Amino acid sequence: MSSQSSAKVNIQRIIAVLLGIGVNVGFSLLTQKLGIPLYLDTIGTIAVSALTGVFFGLVTAASTHLICTLFNPISIYYTSISVFIALVTVAFIRYPKTQRKRFIPLFVFILALFGGGLGTGIQWILSGGPYIEDVADVAKSMAGEGTVMYVILCVVLSIVLDFVDKFICVLVVYALLRIIPKEIRYHIWNSVWMQKPLTAEEELELKKKSKTRRMRLGTRILILLTVTGVLLITVQSIITMKLYEDTLNGEYASSAQKAADFAAETVDADRIEDYLSSGQTVDTCDSVRYQETMEVLDRLCNTINGMEYIYVYRMEGDGQRLIFDTDPEGRKTDIIGELFEFDEAMEPYKADLLAGEEIPVVESEDEYGHLQTAYSPIFDSSGICVAYAGADIYYTGMADYTRVYAVRLALILLGFFMLILASVLWITRYYMVRPINTITFAMDEFAVEDVDQTTLDNMVKDFRNIRVKTGDEVEFLYDALCRMMTSVAEQMRDLRHYTEATEQMQTGLIITMADMVESRDSDTGAHVQKTAAYVKIILEGLKKKGYYAEKLTPKYMADVVMSAPLHDVGKINVPDAVLNKPGKLEPEEYEIIKTHTTAGRELIEHAIETVHGENYLKEARNMAGYHHERWDGKGYPEGLHGEVIPLSARIMAVADVFDALASKRVYKPAFPPEKALEIIEEGAGTQFDPKCVEVFMESLDEVMEVLKKYNEE
């Protein structure tokens with residue numbers, strides 16, 4: 001894809017995201033205003049996910065809930081649900097197109113099950129029940145007094161309602177995608193690739209190959225991100241809740257101190273002694289000023305959230321003497337001037353209280369809960385501390401506040417953690433895992449041995465066609481590998497040219513040597529050419545039948561065919577008188593003829609040691625030395641038998657004997673082909689390898705063509 005078309009696709013993706021967010025927010029606001037028991041706030045998320053892939057679908061989902069929080073504060077807590085919907089949508093789109101339509105109901109059901117089920121759970125945690133009143137009313141009427149059944153029905157009804165919601169969303173998205181041209185959808189979807197997009201079959205093959213690894217890179221990154229994310233969320237939640245708790249403590253302490261200060265200013269310090277000498281109860285004191293002060297303290301106590309008691313004590317060495325107390329239970333029995341012992345929490349501050357000093361807010365625990373106690377000194381007109389105003393605040397709901405805060409924090413963090421996790425995995429997948437895997441497996445193919453130049457050139461072409469464009473070290477590595485592979489292919493091309501030239505020279509030398517030997521044998525009649533042709537026919541027949549499959553590699557077969565003309569090279573040491581004798585050989589002459597096998601073997605072994613030509617001369621040595629061995633062990637020079645005889649020599653034995661029978665010699669006329677073939681067939685299992693005879697007899701058409709060709713010449 002060109003940079004111009006890529007920029008165009010990027011703009012299209014951005015437009016798609018903005019439209020998706022707008023559709024989500026618009027429908028969410030509309031349904032809320034109209035009071036419709038549906039949300040329809042995932043249409044854009046599903047559409048963008050289906051059109052552009054997971055990353056931009058996640059961006060659409062998260063952005064939607066951030067914006068919707070402006071008019072629906074609880075929307076932020078549903079971020080994780082929309083993120084999940086984006087992920088499921090992408091997984092569904094990646095499913096084979098031929099089977100996708102059948103699974104649309106299942107796709108909608110999964111969205112509804114997760115959205116309705118988890119959504120109801122979130123609502124229950126945050127507010128103790130479903131937000132949609134119709135769901136709560138129907139569930140309550142059907143469940144009666146059963147609490148468990150009521151909860152179950154709420155969940156079921158929410159899932160059913162969400163199924164309708166998601167069905168409408170999917171239907172709208174399906175219609176929308178049908179309008180967008182297929183070519184545009186294809187380019188937008190595949191523009192996320194940082195290389196040439198892989199087909200479904202290529203991705204499947206890549207997945208199979210990746211499974212052979214102990215742990216894939218993507219899995220390692222997923223584990224690392226998950227562990228890191230969980231640790232960060234846990235630590236952040238603990239720290240945030242601690243700060244939240246400290247903030248609440250500070251607010252309660254401040255409220256208690258302010259209440260105590262206000263109470264100290266409200267009490268008339270110069271009348272303290274008059275109040276104490278009255279001997280009346282707090283509730284029945286006949287002093288108008290006293291009751292007015294009590295009313296102010298009562299209103300103050302009822303005004304401040306969490307305020308339990310406001311009271312006034314005079315501090316004495318043996319205890320605290322009561323002056324005012326807003327406790328409704330003790331007002332009719334508590335006598336003004338009654339002495340109470342110091343609370344245990346106040347013992348550390350007893351000296352300061354007796355001296356009229358200010359003390360900090362005191363925290364303590366009792367059977368009623370967590371208590372914040374603040375004292376403020378009351379000074380008379382002479383500046384003498386005559387009493388202390390106290391304020392007690394209990395906050396028994398601290399644990400509930402913290403729990404609700406923790407749940408809300410977890411829901412928010414979970415949604416954005418899923419967004420970050422999926423985004424990082426998406427980036428890792430397309431910028432690292434996919435390109436590296438594709439490069440690795442392409443290099444594995446390139447490393448295969450024994451490939452021809454055309455295949456090698458195609459491998460280089462396929463590798464360059466991967467087109468990695470991550471713009472980072474991965475792309476630099478890919479470019480370097482492209483240059484290396486191109487250079488290797490060119491070097492292999494040059495090497496093959498040199499090898500071919502060398503092989504041609506070697507073949508020429510072989511033919512020259514064979515011709516030198518054949519020129520001394522007056523009646524061989526193109527023996528080396530015919531035997532080489534028969535050897536090739538037998539080799540191909542064995543390969544076709546699957547015989548000796550582990551042995552018959554392309555290289556082995558080429559070496560045998562090329563070396564075949566040298567099988568009688570040892571005859572160069574046989575005297576002409578013996579080699580061309582027209583009659584029957586004497587026993588001692590036959591022994592001389594037999595030496596051509598060992599002589600040929602030694603000659604070629606010397607050549608191997610001299611020119612290091614073991615690549616093909618090994619089989620030339622085997623054929624020269626052992627082509628007169630017999631399957632039953634009665635041959636020469638060593639009496640080898642069965643598969644102990646080298647395969648190339650067993651093949652040459654059939655070819656050599658057939659040509660000797662079917663060709664004219666100085667000591668005999670040529671046998672008819674039928675007779676020669678009959679003798680070969682009779683020798684199967686005794687003189688010859690039966691498999692070699694079998695494939696030779698099955699290839700008579702080719703054998704006859706060779707025989708006819710050289711007989712005509």
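**Figure 1. Helices α23 and α24 where they pack.** The axes of helix α23 (residues 647-662) and helix α24 come within 9 Å of one another and cross at roughly 145°, where axes are lines fitted to C-alpha atoms, for helices over the stretch in contact, and angles run from 0 to 180 degrees between N-to-C directions. The model shown here is predicted, so that local features need pLDDT of at least 70 and side-chain atom pairs count only at pLDDT 80 or more, while totals for chains, interfaces and linings use all residues. Residues are numbered from 1 along each chain as its sequence is written, and side-chain values use heavy atoms, with hydrogens and water left out. Helices (H or I, at least four residues) and strands (E, at least two) are DSSP runs, numbered from the N terminus. The crossing of α23 and α24 is right-handed; a crossing is right-handed if the near helix is turned clockwise from the far one by less than a right angle, and left-handed if anticlockwise. On the α23 side the contact is made by Val654, Val657, Phe658, Leu661 and Ala662, and on the α24 side by Pro673, Ala676, Leu677, Ile679 and Ile680, contact meaning heavy atoms within 4.5 Å. These residues divide into 10 nonpolar, no polar and no charged, in a scheme where Ala, Val, Leu, Ile, Met, Phe, Trp, Tyr, Cys and Pro count as nonpolar, Asp, Glu, Lys and Arg as charged, and the others, Gly among them, as polar.

**Figure 2. Helices α24 and α25 where they pack.** Helix α24 (residues 673-682) and helix α25 (residues 690-697) have axes that come within 9 Å and cross at roughly 150°. That makes α24 roughly antiparallel to α25, a term used for angles over 145 degrees, whereas angles under 35 count as roughly parallel, 65 to 115 as roughly perpendicular and the rest as oblique. The crossing in which α24 passes α25 is left-handed. Leu677, Ile680 and Glu681 of α24 make the contact with Val693, Phe696 and Met697 of α25, and the residues of this contact divide into 5 nonpolar, no polar and 1 charged.

Figure 3. Lys530 has its place in helix α18 and, at 2% relative accessibility, counts as buried, where buried means under 20% relative accessible area, exposed over 50% and partly exposed in between (1.4 Å probe, protein chains only). The side chain of Lys530 makes a polar contact with the side chain of Asp659, at 3.0 Å. A polar contact is a pair of N or O atoms within 3.5 Å; within protein, one must be able to donate a hydrogen and the other to accept it, and residues adjacent in sequence count only if both atoms are side-chain atoms.

Figure 4. Asp318 is found in the loop between β1 (307-316) and β2, and is exposed, with a relative accessible area of 52%. Although Asp318 and Leu339 are 21 residues apart along the chain, their C-alpha atoms are separated by 8.3 Å. Asp327 has its place in the loop between β2 (319-325) and β3 (339-340) and is buried, with a relative accessible area of 17%. The side chain of Asp327 reaches the backbone nitrogen of Glu329 at 3.2 Å.

Figure 5. Leu40, in the loop between α1 (3-34) and α2 (43-52), has a phi near 55°, a positive value in a residue other than glycine, and counts as buried at 12% relative accessibility. Tyr548, in the loop between α18 (527-545) and α19 (554-563), likewise has a positive phi, of about 50°, although it is not a glycine, and Tyr548 is buried with a relative accessible area of 11%. In the loop between α22 (614-626) and α23 lies Pro637, which a cis peptide bond joins to Tyr636, with omega about 15°.

**Figure 6. Val155 and the protein around it.** Val155 has its place in helix α8 (residues 147-179) and, at 26% relative accessibility, counts as partly exposed. Leaving aside residues up to four places away in sequence, Val155 touches Gly117 and Thr120, and its C-alpha atom is separated by 8.7 Å from that of Pro130, 25 residues apart along the chain. As context for the views, the secondary structure of the protein comes to 26 helices and 6 strands, and buried residues make up 44% of its 713 residues.
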